[in-house]
Amino acid sequence: MSYQDNNLKLSEYGEFLLQKQLVPPKRAKFYVNWVRRFFNEASNSPGLSIEDRIAGFIEILRKGSSEEWQIEQAQTAIRMYLVNFLNQTDWRPQNPRVVINSKGQVDRTAALTSMGEVLRTRHYSYRTEETYRDWIRRFFDYLDETGNKTAEGTLVTPESFRNYLAFLANRQHVSASTQNQAFSAILFLCREILNLNPGSLEQGLRAKRGIKLPVVLSVDEVTRLLKNLAGQAQLMAQVIFGGGLRVMECCRLRVKDIDFDNNLLFVRDGKGSKDRSTLLAGAVCEPLRKHLKEIRVLYEKDRAAKIAGVWMPDALDRKYPSASTEWAWYWVFPSRDLSLDPRSGLVRRHHVSDNMIQAAFQGAVKTAGINKPASVHTLRHSFATHLLLNGVDIRQIQEYLGHQNVETTMIYTHVVKDLRHPVTSPLDLL
């Protein structure tokens, strides 16, 4: 299909957005402007697919002054234009482009596209996919800046792999966990996409991580913290602390995952693709019921507007075509705005971003006068520690937290022994 005449349809696209109420009225003009910029600035070479053109345009924005939220808005606007407005889905090239040539030179865009496809085949989470792709972009930027870029692509070798990790450690002073994350992403690129063997480098480049005790809040600090939160942020914090959830496990809760009768929460596809059940605090049941009544109104509005159903894991959307529009599968904490599903290209309502509760939590920590480097994840650490202090068996806590090995859960015993039986300092004995 030719896209040369699409500029003529931009005014109709703006009217479409307003008529379907896909975006707030004030944002419609920005969506139109992003599509206009795409057709004016993206490469229009005959050999490029529309998918390649989108990827190239996003790279232009990343290298410019655009912020991450603007890039996300641009992607949503373009795909909404193509999928929802033009009903176009045949974007991918029939013949995949060569990722690496005989000289070891890599096509950056083709590598990123192939990497995303392989990660999805391996059932990696979308967040992991984005993290890996971001590290690969940084890796290519480093190679380009150090003279490895040619007209045919970027030269990637095992030596450049080692040099980049040394650059992160010695020049950018990243933490051991950050260096290991970069290592995993680039190793995946070399092995699975470029078919490069890093050889002995694989054994000696992982950074050693020391044992660190988790930050834990006392009962009084948790009480003060929750009092300084309000609305949905407070409810989410209560659910997280009451059941020891990870932040994204709370964001991804669905209506069907709440068992009010047995005071249980079911975490689906948690870390390591594992399901588990954990505690639903009795104190949060009534506020949660009230919250669900309010969310039901938003659910009915989405159904009336014929918005695409919520995202479904694996192939459940094909196995149960109507499940994505059922109340049981709806998000407990949905986002206020519609957004683009980056994998399917559909506009739908996603769950709330963890950035919302993270920002509210940091404000509450300051207001409560808590002088600890606490984050939302600290509530999970506090949940486990408080259970230990109350005599709950370590194995049971392991199941609530979803740890594969009890050794991981044992870290909390180091915190508890200092809280339960504090030793008198020699200075106090003088």
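This is a predicted model: local features need pLDDT of at least 70, side-chain atom pairs count only at pLDDT 80 or more; totals for chains, interfaces and linings use all residues.
Local features need pLDDT of at least 70 and side-chain atom pairs count only at pLDDT 80 or more, while totals for chains, interfaces and linings use all residues. Residues are numbered from 1 along each chain as its sequence is written, and side-chain values use heavy atoms, with hydrogens and water left out.

**Sheet**
- An open, antiparallel sheet has 3 strands in the order β1-β3-β2; strands (E, at least two residues) and helices (H or I, at least four) are DSSP runs numbered from the N terminus.
- β1 (105-106) and β2 (149-150) are the edge strands, each pairing on one side only, where pairing requires at least two DSSP bridges between two strands.
- Helix α6 (residues 126-145) packs on the sheet and touches β1, β2 and β3, contact being heavy atoms within 4.5 Å.

**Salt bridges**
- The whole structure holds 21 salt bridges, each a side-chain nitrogen of Lys or Arg within 4 Å of a carboxyl oxygen of Asp or Glu.
- Asp 220 and Arg 224 form one, with closest N and O atoms 2.9 Å apart; both lie in helix α10 (residues 219-227), 4 residues apart.
- Asp 220 is partly exposed at 45% relative accessible area, and Arg 224 is partly exposed at 28%; buried means under 20%, exposed over 50%, partly exposed in between (1.4 Å probe, protein chains only).
- Arg 276 and Glu 249 meet at 2.9 Å, N to O, and link strand β6 (residues 276-279) to helix α12 (residues 247-251); both residues are buried.
- Asp 341 pairs with Arg 348 at 2.4 Å between the closest N and O atoms, and both are buried.

Key:
Axes are lines fitted to C-alpha atoms, for helices over the stretch in contact, and angles run from 0 to 180 degrees between N-to-C directions.
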